[in-house]
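Subject: Handover of a structure and notes on its features

Dear colleague,

Please find below the structure that I am passing on to you. My notes on it follow, arranged by topic.

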Amino acid sequence: MPIIKIFATHPPGAQVCTALADELEAICISVMQARADTVQVLLSGSTVMLKGAPVLVEAHYRAGAQRDAAALARFMDGLEGACRRWLGETPRIRCFAVEPAALSARH
């Protein structure tokens, strides 16, 4: 963890996807103190948004003392800035902290 899921109405090109993923990974490492090998980024382009913002970001991350309210605010600022820069849209962002005891994972 973290896992970042981006749902967008317009799929960007491959170079934009790579740049966006790299920036999001850097934010996860620097702000959320994640290990690079645990960061997962998913982009679903050509999503039909029936209502709401043209870009939706969901971030799931393992809860921890280092991921306090201030870190989460910086993380969301980074997510928003990256989406504006690379997708040209202001995203709706939802973050979900998962307690380690409630998490089962493999690979």
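How many residues does the largest nonpolar core have, and which of them have the most contacts inside it? Before the answer, please note that this is a predicted model. The largest nonpolar core contains 23 residues. Those with the most contacts inside it are Ile4, Ile6, Leu24, Val55, Val57, Phe75 and Leu79. At least two residues of this core are supplied by each of four elements: strand S1 (3–8), helix H1 (14–31), strand S3 (55–62) and helix H2 (69–87). The largest share, seven residues, comes from H2. As general background, nonpolar side chains in soluble globular proteins tend to be buried together.

Leaving aside neighbours within four places in sequence, Val55 is in contact with Ile6, Phe7, Ala8, Met49, Cys83, Leu87, Glu89, Thr90, Pro91 and Arg92.

Salt bridges

Side chains of opposite charge can pair when their charged atoms come close. In this model the count comes to three salt bridges.

One of them joins the side chains of Arg85 and Glu23, with a distance of 2.5 Å from N to O. Because Arg85 belongs to helix H2 and Glu23 to helix H1, this pair ties together parts that are 62 residues apart in sequence. Are the two partners buried or exposed? Arg85 is exposed, since its relative accessible area is 53% and exposed means over 50%. Glu23 is buried, with a relative accessible area of 19%, as buried means under 20%.

Another salt bridge links the side chains of Glu80 and Arg84, at 2.9 Å from N to O. Both residues lie in helix H2, four residues apart, which is about one turn of the helix. Glu80 is partly exposed at a relative accessible area of 25%, and Arg84 is also partly exposed, at 46% relative accessibility.

A further salt bridge is formed by Asp37 and Arg35, whose closest N and O atoms are 3.1 Å apart. Both Asp37 and Arg35 are exposed.

Backbone angles in the loops

Most residues other than glycine have a negative phi. Gln33 has a positive phi, near 55 degrees, and is not a glycine. Gln33 is placed in the loop between H1 and strand S2 (40–44), and at 52% relative accessibility it counts as exposed. Ser46, likewise not a glycine, has a positive phi of about 60 degrees. Its place is in the loop between S2 and S3.

A distance for orientation

Arg74 is partly exposed, with a relative accessible area of 48%. Its C-alpha atom is separated by 21 Å from that of Phe7, a residue 67 places away along the chain. Phe7 was mentioned above as one of the contacts of Val55.

Yours sincerely

Terms used
Residues numbered from 1 in each chain as written. Predicted model: local features only at pLDDT ≥ 70, side-chain atom pairs only at ≥ 80, totals over all residues. Heavy atoms only, no water. Core = buried A, V, L, I, M, F, W, Y, C linked by side-chain atoms within 4.5 Å. Buried < 20%, exposed > 50% of the residue type's maximum accessible area, 1.4 Å probe, protein only. Contact = heavy atoms within 4.5 Å. Salt bridge = Lys/Arg side-chain N within 4 Å of Asp/Glu carboxyl O.
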